[in-house]
Amino acid sequence: MAEKVFQKLLTPLTKGHHIFADRFYTSVPLLEFLSRQSHYYTGTVDIRRKNFPPALKSLVLSHMEMKWYMHENKYLTVAFRDKKAKRFVSVVTSQGSVSKTLIETKRGDVEKPTAINLYNQNMNGCDRADQLVGYYGCHKRKSHEWWKKIFHWLLEICHVNAAILFRESHPEQAKISLAQFKSNLIVQLIAEAGRSLVEKPVDIALAQQPQPSVNLVTDNPTIRLAAKIHIPMSAKKDRNCQVCSKPGARKRTSNVCADCPGQPFLCKEPCFRIWHTKSNYKS
């Protein structure tokens, strides 16, 4: 399968390219295919695959230790265990040498195999993207419909790309986390959904359905902007109006919306209308 994938992707390209991929594709038949096509290959190795050095299966390395293996007289495999890694990583390359590269890190200069350093430099973006997508990915959930996993994976890719573009275009929020960005995105999408619901005709059947009893006033735009009948009623007590009351300029009212969760206190006009039609009712 891997050979067919690379044959399709490399058709429009000239010879002499250096290709980097993860262990899902790495195999000796693929290396031989790319060698015949005059392309170079570097990728991580699944030590259970055939025709790779059998010593990798029982190899034990200490931290910062590295070993090289030559097989098929033309492919170099290097195994390396980083300082904090639990297991070693192995990389095979068709264009490499038994050499080391000095890397500057926060804990000082360290030596790593050149082949692994080259792989990290060229695959860092893909691995980082996979890491970000995997944090909150719904595509990991089991499903009988294969297309759902692909759809949710594409959706997560869009979220990650949008977060990166947001940081680039808003330097003042360059350190916003992916979780916070997703949270802000959800709030904005809910507000947009609420605004679209206001434009729809009133659903009488939905309006007549009993609403859950909630003690706290909710500011969920989807609920308060929902296209249903909102009935004002008079309460026995008065409280600050949710719309026009401000710190230092309180305005009390005994009118509430009987259909919104928490029954918010609202002046009859125009606050009652503003609460149910505007997403940003305080502006």
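Buried here means under 20% relative accessible area, and exposed means over 50%. The model is predicted. Elsewhere, a search of the whole structure finds zero disulfides.

**Helix α1**
- A2, F6 and L10 are the buried residues of helix α1, which spans residues 2–10.
- These residues lie on the same side of α1, because they cover an arc of only 50° around the axis.
- K4 and K8 are exposed on the other side of α1.

**The β-α-β unit**
- A right-handed β-α-β unit is formed by β1, helix α2 (residues 28–36) and β2.
- Strands β1 (residues 18–21) and β2 (residues 40–44) run parallel and are joined by four bridges.
- Opposite A21 stands G43 in β2.

**Cysteines**
- No disulfides turn up in a search of the whole structure, the count being zero.
- C267 is in no disulfide, and its nearest cysteine sulfur, that of C244, is 3.7 Å away.
- C267 has 8% relative accessibility and therefore counts as buried.
- The closest cysteine sulfur to that of C271 is also in C244, at 3.6 Å, which is too far for a bond because a disulfide needs the two sulfur atoms within 2.5 Å.
- C271 has a relative accessible area of 5%, so this residue is buried.

Note on methods. Residues are numbered from 1 along each chain as its sequence is written. This is a predicted model: local features need pLDDT of at least 70, side-chain atom pairs count only at pLDDT 80 or more; totals for chains, interfaces and linings use all residues. Side-chain values use heavy atoms; hydrogens and water are left out. Two strands pair if DSSP finds at least two bridges between them. Helices (H or I, at least four residues) and strands (E, at least two) are DSSP runs, numbered from the N terminus. A crossover is right-handed if, with the strands pointing away from the viewer, the path from the first strand over the helix to the second runs clockwise. Buried means under 20% relative accessible area, exposed over 50%, partly exposed in between (1.4 Å probe, protein chains only). The arc is that of the directions from the helix axis to the C-beta atoms.
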